[in-house]
Amino acid sequence: MPGQPPREAIQNLLPAPEPVRFVNEDGSAAPPPEGYRRPADDLLREAYRRMVLGRRFDAQATTLTRQGQLAVYPSSRGQDACQIGAVLALRDDDWLFPTYRDSMALVSRGIDPVEVLTLLRGDWHCGYDPHAVHTAPQCTPLATQTLHAAGMAEALRRRGEDGVALAMVGDGGTSEGDFHEALNFSAVFRSPVVYFVQNNQYAISVPLAQQTAAPALAFKGIGYGIRSQQVDGNDLVAVLSVLADAVEYARGGHGPVLVEAHTYRMDAHTNADDATRYRDDEEVERWRAADPVARLETLLLTEGLLDAGQISTIRDEAEQFAAALRTRMNAEAPVVALELFDHVFAEPTPQLREQRARLAAELAAAPATQEGH
Amino acid sequence: MATMTMAQALNRALRDALTADEQVLIFGEDVGALGGVFRITDGLTRDFGRERCFDTPLAEAGIVGLAVGLAMGGFRPVVEMQFDAFAYPAFEQITSHVAKLRNRTRGRVSLPMVIRVPFAGGIGGVEHHCDSSEAYYAHTPGLKVLTPATVEDAYWLLRDAIDDPDPVVFMEPKRRYWSKAEVDLTRRRPAPLGRAEVVRTGRDVTLVAYGPSVPVALEAAEAAEEDGISIEVVDLRSIVPFDDATVTESVRRTGRCVVVQEAQGFAGVGAEIAARIQERAFHSLAAPVLRVAGFDIPYPPPKLEHAHLPSVERILDAVDRLQFDDEPDELYLTGGRA
């Protein structure tokens with residue numbers, strides 16, 4: 001048949017039947033997977049440091065939520081290798097399009113943790129300047145950010161820059177129409193974008209088996225002509241290797257890539273969720289044995305790339321980081337009610353000016369407790 | 001001076017915007033080789049290349065979502081939704097992202113983009129081709145909603161929309177696409193974005209209308225003149241921002257007002273306008289503000305749309321009910337059971 005792609009082209013798009021893995025669950029080295037480079041030792045050490053810091057940040061955020069400082073916190077504990085791997089695969093001038101569960105990645109990307117937590121503390125919606133940090137606001141509506149990443153990637157391509165956009169998305173998000181439209185659009189335009197699916201097995205309470213009949217989520221790429229891969233999402237070495245390869249492929253002008261990481265959300269959906277209603281402890285314990293931080297630590301210790309002293313130094317750094325965050329989060333954060341009208345449009349409409357004046361008068365008439373608002 | 005249709009004026013606006021600003025991109029379904037199903041983008045791909053005006057896969061959320069990313073990346077996308085009702089798949093992108101991104105980011109990310117929506121009926125279109133969807137957008141904070149009624153406004157309002165730093169839903173009254181006028185586009189005459197215009201002055205009644213209903217309102221005013229009633233017609237041009245000043249000033253002078261819209265009446269733009277007038281000009285009003293709107297029904301099939309669309313007669317009936325004498329309004333007294 002004319003126009004039919006050669007079998008080889010199809011093979012190049014399909015993911016491997018098993019997730020790519022460099023390190024076994026017990027921290028021993030697995031047989032090197034074909035076609036992927038192991039990241040440099042220095043980078044692995046840095047990844048370990050970031051994972052320890054990231055996990056400590058995550059624990060601190062959970063504590064702050066219990067103390068009532070955050071309205072809600074969706075933890076990414078257990079997905080640490082994905083969070084850090086995604087950040088290390090990107091350059092600072094690449095664009096990241098995160099979801100609400102990717103706070104750990106944002107902190108690792110160097111965004112001020114207080115600005116990251118602005119959303120969850122309820123001070124405003126997005127606390128950081130997306131243009132300054134090349135990171136879109138954390139996206140709550142599922143998979144909508146995949147299209148923004150496709151658009152940004154198209155903008156980068158059209159400007160002749162070699163930047164790449166990476167969109168984070170969850171297993172549940174791959175059921176949304178926007179995800180499929182993003183894959184299709186970027187494949188047609190050959191835009192430099194990487195779709196990184198963190199398959200943590202649950203969309204709140206609904207397990208993967210009720211989400212899809214696909215052999216793996218990575219197989220959703222082939223229908224759009226997108227090169228796809230699946231990776232052990234709790235193996236930092238594999239995640240970083242596969243994502244670095246995907247980013248390089250996209251940067252080289254070959255088009256988008258879909259990467260699925262098999263991982264696990266150790267905590268409930270958020271602090272407001274009760275995971276015991278839909279999954280048993282046995283399953284959680286099985287995944288605890290595959291913990292991404294312990295796995296990398298064992299590998300690096302075994303290979304002599306890390307020693308107990310270095311680990312202790314990193315843990316101290318993480319404690320200091322958490323303590324500084326605690327102090328800053330416990331400080332009073334003034335919110336300014338009149339700002340509500342300032343950013344709806346570039347210039348407020350006459351109606352917004354009227355409403356602002358009305359609220360200002362209300363606040364002025366209120367008792368002194370409103371001071372500073 | 002040149003004679004052109006509204007469709008040609010819109011095409012001209014897109015051409016001039018593409019020429020004026022390298023960041024302007026036009027995309028959507030069939031906007032390339034075909035020039036759009038209404039030919040609004042006719043010849044743009046030929047003249048500006050596929051990099052500036054291009055077809056996308058068929059997916060409206062995809063088109064708008066892609067525009068968000070491109071606008072974040074420094075471009076000024078102008079996207080076409082093929083028909084009003086075909087824009088609904090993009091609703092989440094429009095309401096959750098297009099409308100909110102500036103606010104979510106405290107003004108750090110602006111989205112200068114235009115979503116063109118051919119809307120409303122009167123063209124004999126089969127189902128899903130004739131919705132008046134303006135209220136959905138006007139109800140969403142963060143979107144500007146413009147709709148031209150004249151050939152000249154079609155050009156200038158679209159240029160304004162493309163130059164604006166905020167996202168604009170640009171609603172094109174498709175039954176006016178083929179209306180013609182002699183215009184001089186080298187010199188701007190119309191008022192700036194956000195201002196309504198008094199398009200006919202009068203003493204006794206104000207008709208407030210927008211988009212496809214403006215010519216109907218003008219025709220009604222003409223007919224009323226013969227009966228000795230002097231009608232002023234206000235063309236909103238911009239639903240958001242809403243020009244309270246022009247509308248209120250007119251109603252204070254005339255003391256009577258009918259709001260005309262083609263959309264179904266319940267919870268529509270006309271309801272908002274009537275409420276605003278009563279909040280601002282109550283003591284000037286000699287009669288309740290009335291609305292002439294479409295019925296609260298899904299848009300009718302082609303052979304029945306004449307029964308649905310606000311007509312000159314229906315507007316004149318409403319004008320008659322503005323209590324020029326003290327006779328009670330029979331329709332209202334019987335609660336519609338007459």
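These legends accompany several close-up views of a predicted model. Local features are reported at pLDDT of at least 70 and side-chain atom pairs at pLDDT 80 or more, while totals for chains, interfaces and linings use all residues of the predicted model. Residues are numbered from 1 along each chain as its sequence is written, and chains are lettered from A and ligands numbered from 1 in the order in which they are written.

**View 1. Overall build of chain A.**
Chain A holds 14 helices and 7 strands. Helices (H or I, at least four residues) and strands (E, at least two) are DSSP runs, numbered from the N terminus. The radius of gyration of chain A is 22 Å, close to the 21 Å from the globule rule for 373 residues, so chain A is as compact as a globular protein of that length. That radius is taken over C-alpha atoms, and the globule rule is 2.2 Å times the number of residues to the power 0.38. The C-alpha trace spans about 75 × 60 × 40 Å along its principal axes. Of the 373 residues in chain A, 47% are buried. A residue is buried if 20 or more other C-beta atoms lie within 10 Å of its own, exposed if 12 or fewer, and partly exposed in between, with C-beta atoms placed from the backbone. Among contacts in chain A between residues at least 6 apart in sequence, 75% join residues at least 24 apart. Two residues are in contact if their C-beta atoms, placed from the backbone, lie within 7 Å.

**View 2. The side of chain A that touches chain B.**
The contact takes 33 residues from chain A and 35 residues from chain B. On the chain A side, the elements giving two or more residues are helices H7 (130–133), H8 (144–158), H9 (177–189) and H14 (350–365). H8(A) gives the most, with 10 residues. By class, this side of chain A has 18 nonpolar, 10 polar and 5 charged residues. Here Ala, Val, Leu, Ile, Met, Phe, Trp, Tyr, Cys and Pro count as nonpolar, Asp, Glu, Lys and Arg as charged, and the others, Gly among them, as polar.

**View 3. The open sheet of chain B.**
In chain B, 7 strands form an open sheet of mixed pairing, in the order E3-E2-E4-E5-E7-E6-E12. Strands pair if DSSP finds at least two bridges between them. The edge strands are E3 (53–55) and E12 (238–240), each pairing on one side only. Neighbouring strands are turned by 20° against each other on average, direction ignored.

All 6 of the 6 residues of E5(B) (residues 114–119) are buried, so the strand is largely enclosed by the rest of the structure. In a regular strand the side chains alternate between the two faces of the sheet. One face of E5(B) carries B:Val114, B:Arg116 and B:Pro118, the other B:Ile115, B:Val117 and B:Phe119, and both are covered. E5(B) pairs with strand E4 (residues 76–80) in the parallel sense over 3 bridges. In that pairing B:Val79 stands opposite B:Ile115. Strand E7 (residues 168–173) of chain B runs parallel to E5(B) and is joined to it by 6 bridges. B:Met171 is the bridge partner of B:Val117.

**View 4. Helices H3 and H4 of chain B.**
H3(B) (residues 60–72) and H4(B) (residues 91–98) pack at an angle of about 25°, with their axes 8 Å apart. The axes are lines fitted to C-alpha atoms, for helices over the stretch in contact, and angles run from 0 to 180 degrees between N-to-C directions. The two helices are therefore roughly parallel to each other; the term covers angles under 35 degrees. H3(B) brings B:Ala61, B:Val64, B:Gly65 and B:Val68 against B:Glu92, B:Gln93, B:Ile94, B:His97 and B:Val98 of H4(B). The contact has 5 nonpolar, 3 polar and 1 charged residues.

**View 5. Backbone details.**
Most residues other than glycine have a negative phi, and most peptide bonds are trans. A cis peptide bond joins B:Val240 and B:Pro241, with omega about -5°. B:Pro241 lies in the loop between E12 and helix H9 (244–254) of chain B. A:Arg190 has a positive phi, near 55°. Its place is the loop between H9 and strand E3 (193–199) of chain A.

Technical notes
Angles under 35 degrees count as roughly parallel, over 145 as roughly antiparallel, 65 to 115 as roughly perpendicular and the rest as oblique.
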